[in-house]
Amino acid sequence: MGFASLFLTTGFANAADPIVKNGGFESGAAPWWGASSNTVVTGAAAEGSSALRVSGGYTVQDRMAVTGGQRYRISLKVKAEDAPDDSVFVQLSYRGAAGLPTQWWGVGRVDFGTKTEPALLVTGNGPWRSYSLVVEAPALANQMLLYLRKKDGTAGAAYYDSVDVSPTSDAVTSASELRRIELAARYFAGALPNQPSGGAPGLVVQSSSTYMRVFAQRNADVVTLGAAGELAKYLGQISGASFLPLAADDTAGQWPLVIVGKEAAIARGAVAASAFNDLDGDGFILRRNGKDLVLAGATPRGTLNAVYWFLDRKLGVRWLAPDATRVPSLPTIQLAVTDERHVPRFAYREVLNTEGENKAFRAHNLLNGESHGYSFTPTTPELDVWDHSWSAKGGAANFYDLLPPATYQVSHPEWYPGGQVAMMNSGVRDLMAQAIVQKLRALPDYRQVWFYLDAMDWGWDMDAASQAFANAHGATAGAPRLDMANDIIRRVQTTLPGARLAFNAYQWSFAPPTDMTVSSDVTVVPMTVQIDYSTAMNVGRNVALGQGIARWSQMSSRVLVWDHITNFAGFIQPTPNIYPIGSSIRWLATLPNVIGYFGEGAWNTAGAEFSNLRLWMISRLLWNPELEARDLVADYCNAYYGAAAGPIMLRYIDLMHSTAASHSDIVGVRTTPDAAMYDLAFIRSADGLLNQAETAANGDAPALARVRAARMGVDYLALVRRQSYQEEAARSGSTWNADVSGRSQRLAATATASKLTQYRQGGGVAEMNAIVALERTASKPPAYVGGLAATDWAEIPDLAFWRFDTATLVADAAASDGVAARMSGASTAWAIQVRMDKLPAAGSWDVFADVRVEPEGTTPATEGLRVGTTPPMGLYNAVPASLVAGTSYQRVKLPGGPFRNEFNVQKGWYIQAPGGKTIRYVYVDRLIAVRAGLIQ
């Protein structure tokens, strides 16, 4: 209902009147008013002599006199009959002097699907429950309005009785306490059934007869109470029996118990306090004590982990995706639990992807880190035990956040050299420290965070002082970066003792310096953007990367590795990095000072390739790195795709990895569709396996949808490379039918069903559909390589481009194969980039770009463009518009050559539009590598 309804009556109550009139409804509905379908009932339906029945909408009492700033205890009894959870709720508003906001008040939230609103309490199906909550009237209030509600259009009815509002001096009820009160009312309502006889030791349930009860302390914290409720819920789903109400001290009797939490007297009697030593925040014990079983951690988060571990590892519940939970059917549950103690190898554990935004999915899989965007969204109190110590809301900033160029660059241009800041400059350090102090002061407790000092996400041409310092410490930009971090935290601590800092070793600053140490108050965050996940991060092309992480671990007592686990150039493309990720985590576990792991997945979109699988597998390995990645994947596939299709999907995942191993492609953070591993043999084999999986999943709609979601990348490749696959087939004397219509329809439909919004970073589904529709022809060699041997030149096609900003692929009759990359002339981004590993494996090469521009309107373009090589940041050729204007492509030489094939994510070429008004579009057909010196 809208707030206008709050003002249908006027006048104020006499201060001597009871605050609530007829709170027990003994006198009928008056002075309550609202929907006519809401009625007063008596007899068996009532809790006392009478009660209010609300079938939909609201019933309200207004004109309840209150004093601004006074606290009030609101008590009532509620029953929900056949009503969905969270469909029964109470809302509160106030009237008063001018300036009082017209809004709902309360720390609870009620979800209406398209919006949420504050609420006093929210509940659902269950017997009569008593609630007692404390609110504080806003300063301008003189009237309270209390709404007893039930969501329209939902089943069942709500019943209300014994409504009372009384002044109090007690503390205001917090969101956490409100939820605890609601859970306690829900979980402890009613009497325990009679205890059956004849149960064998460790028998939890048999043929719907419960032989053990779930126990929690009545006043347990909200996390522990929530964990106990979750345990009861899933035990019920597994067995078909009921495990509610929970047992408590005053109701347990002689029942064998599954005791949740360590605070209750019965738990303290079963387990010595010393058993919880060294469990830290996440560890827990499972302990048999006579007829009882204790699931408890040293902290509420540890207890929550104990319950989820027990359900998963012991009883076979699998939380596979936010919308996919496998619950086994076990009419008999008999436990053979011996004493167990579990502590995760990595203290900080987080996977950032869209599916991981679902907080229950993360918590069920025992991840504890919550940073970046995750930390900006609210958590239900029973799960609100996240580790916000790094890069969470309010606890992170980059150089330009702290030292805005708009504020300082005019007066201090020397502070901003080469894309970053002058890191050895004392003025830069002092102002950054001051800005960090202000941000830390805004946090509830700055001592609980490692403030994350982020660099700008591009290169750096060092200033002279920074370069000199780098040269003195191993010739790495990581030296001034580290020295600045060590110095800034010292400056911050003069104002805020105990403050701590984290910084990222990323791209240009990744290599650790020599002859330096990392402050004990600084965490180092090495980032693996240069990863080649065709192998683990410490072998193959990753040797230098692994050596860097190992050296940072030797220099620092705290290293948190930021890993890159998705393909940002193709979120849906087959990306065979799953097994190497497992090997990498196992290796990281051997480095004692690596305390955390952050996996950056596809946070840009839902539906990325095997996104749920990666999160699930990584979460298990971060607890126990000795597990085998392939065994975990097999377990996942059988549970997620079903017993029939699961083994086939495992064979498809094996195919991806074996194909990558047989080629020399880089499985990096931006693997483009032209990669050799995506050859016709792979597509044919993948199609065969996925056809089998679809057949096996026939009749199981969820499994079929999941197989097709995994197939999107194969369909995409088959469509965008169909011309090259036809040519490949012809060379082998065979044929290839891309089935363009069928694949396009399936790809589009599956993208919609999977809620895919980006198929690559910055590229939406509409662009994907347009690109797969492009028709290519056989590519024609450029005229300027005429007469050269085939081994003296090579084409780098548009499918090899990293595209950013406005860059896309379009039909272009002037292009060599009928398709070109195009970007807006108004852009100034390095919108088209290519890395040097696209060069032929051997030899020295000059590189040319085939480009043209389309003017804006009929007037010839007067602005040029830039073609550049990086690093350094400023190495480019300014190309006048007159050279590239027209309908045909012109060759432009890229500066800095000759070049050799090199795997270095920082090194590459770019084409940049002028950001002006006379060029509508810049087109890039391809790059051509020519053996050095053969042409100019």
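Start by selecting Y348: with a relative accessibility of 3%, this tyrosine is buried (under 20% relative accessible area; exposed is over 50%, and partly exposed lies in between, with a 1.4 Å probe and protein chains only). You are looking at a predicted model, where local features need pLDDT of at least 70 and side-chain atom pairs count only at pLDDT 80 or more, while totals for chains, interfaces and linings use all residues. Residues are numbered from 1 along each chain as its sequence is written, and side-chain values use heavy atoms, leaving out hydrogens and water.

The structure holds 34 aromatic pairs (Phe, Tyr or Trp rings, the six-membered one for Trp, with centres within 6.5 Å; planes under 30 degrees apart are stacked, over 60 edge-to-face, the rest tilted). Y348 and W390 make one of them, edge-to-face, at 5.9 Å between centres and 90 degrees between planes. Y348 belongs to strand β23 (residues 348-352), and W390 to the loop between α5 (359-364) and β24 (396-398), 42 residues apart. Helices (H or I, at least four residues) and strands (E, at least two) are DSSP runs, numbered from the N terminus.

Now widen the selection to Y452, W562 and F598: ring pairs join them with Y348 and W390 in a cluster.

Move on to helix α14 (residues 629-661) and pick Y636 and Y640, four residues apart, about one turn of the helix. Both are buried.

Finish at R362, whose charged end sits over the ring of Y374, 4.0 Å from its centre (CZ of Arg or NZ of Lys within 6 Å of the ring centre and within 35 degrees of the ring normal).
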